[in-house]
Amino acid sequence: MSDIGLRSERGPILLALMLSMFLIAIDSTILSTAVPTIVRDLGGFALFPWLFSIYLLAQAATVPVYAKLADTFGRKPIMLVGVGVFLLGSVLCATAWDMPTLIAFRGLQGIGAGAIMPTVLTIAGDIYTVRERARAQAYLSSVWAISAVVGPTLGGVLAQFASWRWIFWINLPLGLFALFLLWRNYRPAFERHRRRIDYAGAVLLTAALVLLVLGVLEGGVDWDWLSWQSFAVLGGGFVLLVAFVLVERRADDPILAPWVFRSRLVSATALVGLLIGVVLIGLVSYTPTFLEATTGASPIVAGLAVAGLMIGWPISGALAGHVYLRIGFRSTTLVGASIVIAGAVWLAGFAFAPSALLTGVGCFIVGFGLGFVANPSLIAAQSSVELRQRGVVSGTNALARSIGSSLGVAVFGAVANSLIDDRGGHETAAAVQAGAIGVYIGVAIVSIAMLFACTAIPHVPIHEEQSR
């Protein structure tokens, strides 16, 4: 079973993982181009940002709970439940009758997505050896490249020539096929053990993350940072987080075990994941607006420029395995972080002379660097723990990336809006250009922080493993 690819013995499982990942990858890109049509149909223009916020909020809040459940009950049942909940949310979204119901059903989709992301990463870590995982991760990363190109275009086509509701209906055949492949082909070597479920910890952690992520997403948007709403939401989140820590100290089998925080490797790779989330959200959120306002690029051209980010990632992801087998995990991430810094500097420099082509090249460079950072750091963390702990490690990494995206939205939003408002508002191309330059400089600063975080990753010996 040493062969890797869709035609190999493990090919059906890999295809199921790719399809499951594709569901949540394309769902984050396909909806953006259909928002004007949805608003015309359902109304509620002031509420439409919640279509994205609620999805991110639900996903981030449930990741650690699902990750622990995957280590307790096994990967397969959690994966089946996650895809099933996501498909149920998709069907309900397709039948939504107004904006509030669509937002609520998007939250249900996010709850399903919270199970899919960490469990896909964990299953890949289970069935492939250390030497094989880089190639397998390249297959999974390619899904994001495909969705980055196909998503916005398909969303626009469906909204214009069919109905925006088909954006959610097309999830059904993909998801059902993924469920069939998993049910038929994935037989994990996992022994289920009776354990006391930490319900109190799960509830406290989920509630704390909901309030903290909500405060970060909406602070400076729906209310001022120094308003009573911010103090109430963020303060409540911190109080619940403290209560969670106190409860976990007494729990027999805590949701987030203390060893997660004591492990230098897990903590360092989680910090790297958080900074990856910040970089990604900064480029994906602001590059299209920058290009459309300053160069007159169409939404499709602007989307293709951002797609360079997700095209470079799987290319370097495929190469990363050969690199880390030669120089080690930490050295590979340092190379990748240096490339990310170069790409961010490129974007900031050429933002003074806007060009869709040069911006696309910069996004490609950043994506190429991230492939050398994200995959080796995750594989290093997975390789350092036993099978039963791998779900928590993968979930911690996915949670950190989600939190990074939430922080990035808030921080870069504040930077961009401040610069844009000072220079004439969103209707002025020069103002939007100034906002983008500020974001790109911020991305460069975060990339430097990522380089330092990579230096904190301890040396991990690469041992040969048996695939499962």
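**Close-up 1. The lining of the second largest pocket in this predicted model.** Let's start with the residues around this space: 27 of them line the second largest pocket, and Leu241, Leu256, Phe261, Thr396 and Leu399 lie nearest its centre. Sorted by class, the lining residues are 22 nonpolar, three polar and two charged. The space inside the second largest pocket comes to about 650 Å³.

**Close-up 2. Helix α3 beside helix α4.** Here you can follow helix α3 (residues 50-73) and α4, whose axes come within 8 Å and cross at roughly 155°. An angle over 145 degrees counts as roughly antiparallel, so α3 is roughly antiparallel to α4. The crossing of this pair is right-handed. On the α3 side, look for Tyr55, Tyr66, Leu69, Ala70, Asp71 and Phe73; they meet Arg75, Pro77, Ile78 and Phe86 in α4. Eight residues of this contact are nonpolar and two are charged, with no polar ones.

**Close-up 3. Helix α1 packed with helix α4.** In this view, helix α1 (residues 11-27) and helix α4 (residues 75-94) pack at an angle of about 35°, and their axes are 12 Å apart. The crossing of α1 and α4 is left-handed. From α1 come Leu17, Ser20, Leu23, Ile24 and Asp27, which meet Met79, Val83 and Phe86 in α4. The residues of the α1 and α4 contact comprise six nonpolar, one polar and one charged.

Key
Residues are numbered from 1 along each chain as its sequence is written. This is a predicted model: local features need pLDDT of at least 70, side-chain atom pairs count only at pLDDT 80 or more; totals for chains, interfaces and linings use all residues. Side-chain values use heavy atoms; hydrogens and water are left out. Axes are lines fitted to C-alpha atoms, for helices over the stretch in contact, and angles run from 0 to 180 degrees between N-to-C directions. Helices (H or I, at least four residues) and strands (E, at least two) are DSSP runs, numbered from the N terminus. A crossing is left-handed if the near helix is turned anticlockwise from the far one by less than a right angle, and right-handed if clockwise. Contact means heavy atoms within 4.5 Å. Ala, Val, Leu, Ile, Met, Phe, Trp, Tyr, Cys and Pro count as nonpolar, Asp, Glu, Lys and Arg as charged, and the others, Gly among them, as polar. On a 1 Å grid over the protein atoms alone, a cavity is a set of points where a 1.4 Å probe fits but cannot get out, and a pocket is an open set with protein on both sides within 12 Å along at least five of seven lines; lining residues have an atom within 4 Å of a point. Grid points are joined across faces, edges and corners, and a volume is the space filled by probe spheres set on the points. Angles under 35 degrees count as roughly parallel, over 145 as roughly antiparallel, 65 to 115 as roughly perpendicular and the rest as oblique.
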